[in-house]
Amino acid sequence: MSTTATPSSEPETPLAPPVGPPPGTPTARRRSIGPLVLRLHFYAGVLIAPFLVVAALTGLAFVFTPQLDNLVYAHELRVDEGAAPARPLAEQVVAARAAHPDGDLASVTPPVAATDTTKVVFNLPHLGEKQHTVYVDPYTNEVRGTLTTWFGETPLMTWLDDLHRNLHLGTVGRHYSELAASWLWLLVLGGLFLWLRRQWHGRRRLRRTVLPDLAANVGVRRTRGWHAATGMWLALGLLVLSATGLTWSRYAGGNFDIVQNAFDAHSPTLATTLPGAAPGGDPDGGGHHGGGPTGGGFDPADVDRAVSIARSAGVDGLVVVTPPAGPGTAWVVAQDDPSWPYGWDRVAVDPTTGSVVAHSRFADWPLLAQLSKLGVAFHMGFLFGVVNQILLAALAVGLLCVIVWGYRMWWQRRPTRADRRAPLGAPPGRGAWRQASPPAVVLLLLVAIAVGWAMPTLGVTLGVFLVVDLVLGAVQRRRARRAVPTSPAPAGN
């Protein structure tokens, strides 16, 4: 079957509904923002879609890293369940220190499952944000290996995370992901507006909105049905991904921090100063060199006592144990389990007295801080485990399909007549803003300014689009005027 599309009799604005009486009927021109939304949706789709393709492909690669980690780092992460009980954590920390004599003890993560290793993490100045994690067999104190980790991520997960966030280009590369996340929600909402406006004009059914029109002939109409109906199913998930991705982006994320500061909506700081001690130290922990076999000025047995006290206080599941930041400060035991049912409670513990100095419960966090934490866990595929991973994979594959169908529509709408042949379809006509009512234009302008402040990457690129579009329009008008033949002067007698 030939794939060459036949000329379509539909208007050049394929998502705009047929409005108004038949041609020739005198009537007042109907005001609508539809043509403006269509033109923005078209150009944003054409120009931003490549960035979304990269984000979808890299996100798809990242989402299954827990399974990949279990394959690549099976020796470090997993052990056979021992017949005898696990050894004390203090012994495992001493074994890790013997194998890794450099650096400060940063944290200890006890095993949760019977086949997990214990993770003993060390800070080293030359690693910056990264750390060395030593993996210890909890039954034999055997050191299984050492990996360079980043906030608990293995080297593989870190590599794929950086690929998704910045394409391994550092700060410069972060602009790509922020550009994709900034425009994604606008593309989704614009597509929803155009499709619902078209489907619900007149007597249309819900089925036509959420399912493609399989009865349509092969061509732009069928492709548009798949493009729009699939977008309807993906809309909510894509909006969540856009919002959660922006919360830790460079510029929009910075403005999100400003909002959190204004509403005092950050996660609360856990007080770690022991009663009667002078205030000081790092509330998030981080050990120091000093006396003692662990490289810190504390008794290794305090690790076991801190975990036991925290368990008694209800801090269960996967926990990260952080040693005192300095003299007069407490141990911190924090839940670090993003999978449902999630756990992010924290306690500051004084092993000497066996008391809990401070307790921070996730349920008491400000709502905005809770939503941000849950959103990040969902975005990374951790919140609902495998179900979350499958859902993210479906969103990524679905987005890729929607983009392919969008480009296919652009190609299918190309003129194919010998006198009008072109490689691609014509874009929606210019002057769409003139078809909207003045109040709507003013409102959209104010919204664009506010959104441009909140999401500078979106605001700057939107401004560039408008400037380029105006320049191209001026060039085309000048060429059109030059192409108009001038009437010859009348011949003299």
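## Aromatic pairs and helix packing

Trp340, Tyr342, Trp344, Phe362, Trp365 and Phe384 are joined into a cluster by ring pairs. Rings of Phe, Tyr and Trp (its six-membered ring) pair if their centres lie within 6.5 Å; planes under 30 degrees apart count as stacked, over 60 as edge-to-face and the rest as tilted. The model is predicted: local features need pLDDT of at least 70, side-chain atom pairs count only at pLDDT 80 or more, and totals for chains, interfaces and linings use all residues. Residues are numbered from 1 along each chain as its sequence is written, and side-chain values use heavy atoms, with hydrogens and water left out.

By the ring rule there are 12 aromatic pairs. One of them, Tyr407 with Trp410, is tilted, at 6.3 Å centre to centre and 35 degrees between the planes. Both residues lie in helix H12 (residues 386–412), 3 residues apart, about one turn of the helix. Helices (H or I, at least four residues) are DSSP runs, numbered from the N terminus.

Two helix pairs are tabulated by axes (lines fitted to C-alpha atoms over the stretch in contact, with angles from 0 to 180 degrees between N-to-C directions).

| Helix pair | Angle | Axis distance |
|---|---|---|
| H6 (residues 174–199) and H8 (residues 220–247) | about 140 degrees | 8 Å |
| H1 (residues 34–63) and H5 (residues 155–166) | roughly 165 degrees | within 8 Å |

H1 and H5 are therefore roughly antiparallel, a term for angles over 145 degrees.

Conventions
Helices (H or I, at least four residues) and strands (E, at least two) are DSSP runs, numbered from the N terminus. Angles under 35 degrees count as roughly parallel, over 145 as roughly antiparallel, 65 to 115 as roughly perpendicular and the rest as oblique.
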